[in-house]
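Here are my notes for your first look through this one. Have the viewer open as you go.

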Amino acid sequence: MTGKQTIDVQKDAAITQFAVEVTLPLLADGPKMLGTGTLFTHEGRYFIVTAAHILKVDEDDPGSADIDLTGIAFPTGRGRQETLITLGSFTVHRPAPPSRVDVVVLELQDSETIATLKKGWRFLCFDAVAPFPFNARFILSGFPLEGATWDGQNVGQNFLTLATDPLHYVPKVKYPEPSIDRFFYLEDKGQLLDGSLREIPKLQGLSGASLWAYAEPAGLWSPATALKVVAVQSSYSRGKWIRCADWEAVRYIFNKPEIGFQTPP
């Protein structure tokens with residue numbers, strides 16, 4: 001990966017802590033790893049932004065039936081040994097057909113779920129989102145299937161933060177969306193935030209994860225000022241590329257009249 005800048009150890013740790021607090025692994029009974037979501041709140045409502053295909057029986061067919069949505073679950077905390085609970089009731093907000101853009105918004109309706117997430121995680125406001133920049137360092141963060149554990153009752157997962165840069169070409173993919181697609185390098189070895197290299201695990205499980213843009217702020221440094229969500233990961237080709245959907249596709253969903261925000265993002 002062609003890193004433009006490295007990040008010192010203290011900032012690296014702060015960035016990872018910030019990202020993991022707002023990033024949620026999504027699973028189904030078994031357990032089966034579905035993907036990764038990011039938590040948002042606006043006007044007293046609570047949402048998970050993720051990839052649309054993780055809700056499909058056939059993940060390669062956007063028109064296929066949904067999985068059993070009542071079985072979608074998450075760990076009760078961020079530790080290495082956590083029980084799973086289901087999301088409870090929620091509303092699914094999708095792009096308007098015939099769009100095949102691979103993003104979806106889950107609006108949480110269950111008060112116990114929201115309380116559990118507030119206790120163990122943190123919800124972002126929309127000021128954590130920014131337009132896609134073309135001169136920044138990018139960080140993908142989420143929960144890969146590789147390294148996860150299950151003892152029949154408790155689940156444990158590793159958190160991955162991977163630095164990357166925009167791809168210099170547009171690969172051939174299913175259902176291309178030229179105005180929304182963003183592509184990034186994915187080599188066999190990747191760069192950690194501090195510039196060191198490591199073997200990259202399979203990214204299965206990161207579908208729906210946030211792609212962050214990193215830039216040194218002009219004023220006081222903090223993860224919240226240095227990091228902005230700019231896209232949602234949808235697919236990858238091992239050793240070649242990562243495909244993401246620009247966050248404008250999510251903004252489009254939140255701006256739909258049926259969402260009913262008084263002040264849309």
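A polar contact here is a pair of N or O atoms within 3.5 Å; within protein, one must be able to donate a hydrogen and the other to accept it, and residues adjacent in sequence count only if both atoms are side-chain atoms. Keep in mind that this is a predicted model, where local features need pLDDT of at least 70 and side-chain atom pairs count only at pLDDT 80 or more, while totals for chains, interfaces and linings use all residues. Residues are numbered from 1 along each chain as its sequence is written, and side-chain values use heavy atoms, with hydrogens and water left out.

1. Start with arginine 182, which sits in strand β12 (residues 181-185); strands (E, at least two residues) and helices (H or I, at least four) are DSSP runs, numbered from the N terminus. Its side chain joins that of aspartate 246 through a polar contact of 3.1 Å. Arginine 182 counts as buried because its relative accessibility is 18% (buried means under 20% relative accessible area, exposed over 50%, partly exposed in between, with a 1.4 Å probe and protein chains only). Leaving aside neighbours within four places in sequence, arginine 182 also touches Phe132, Ile242, Arg243 and Cys244, among others (contact means heavy atoms within 4.5 Å).

2. Now look at strand β7 (residues 104-108), where five of five residues are buried. Val104, Leu106 and Leu108 are on one side, with Val105 and Glu107 on the other, and both faces are covered.

3. Which strands pair with β7? Strand β3 (residues 45-50) does, in the antiparallel sense over four bridges, and so does β6 (residues 90-93), again antiparallel over four bridges (two strands pair if DSSP finds at least two bridges between them). Valine 49 has valine 105 of β7 as its bridge partner, while threonine 91 stands opposite glutamate 107.

4. Helix α2 (residues 111-120) has Thr113, Ile114, Leu117 and Gly120 buried. Seen down the axis, the buried residues of α2 fall within an arc of 140°, so they line one face of the helix (the arc is that of the directions from the helix axis to the C-beta atoms). Turned away from that side are the exposed Ser111, Glu112 and Lys119. The cover over the buried residues of α2 includes β3 and β7.

5. What caps the N-terminal end of α2? Aspartate 110 does, with a side-chain oxygen 3.0 Å from the backbone nitrogen of glutamate 112.

6. Finally, leucine 145 is in the loop between β8 (137-142) and β9 (149-150). Leucine 145 counts as partly exposed because its relative accessibility is 36%.
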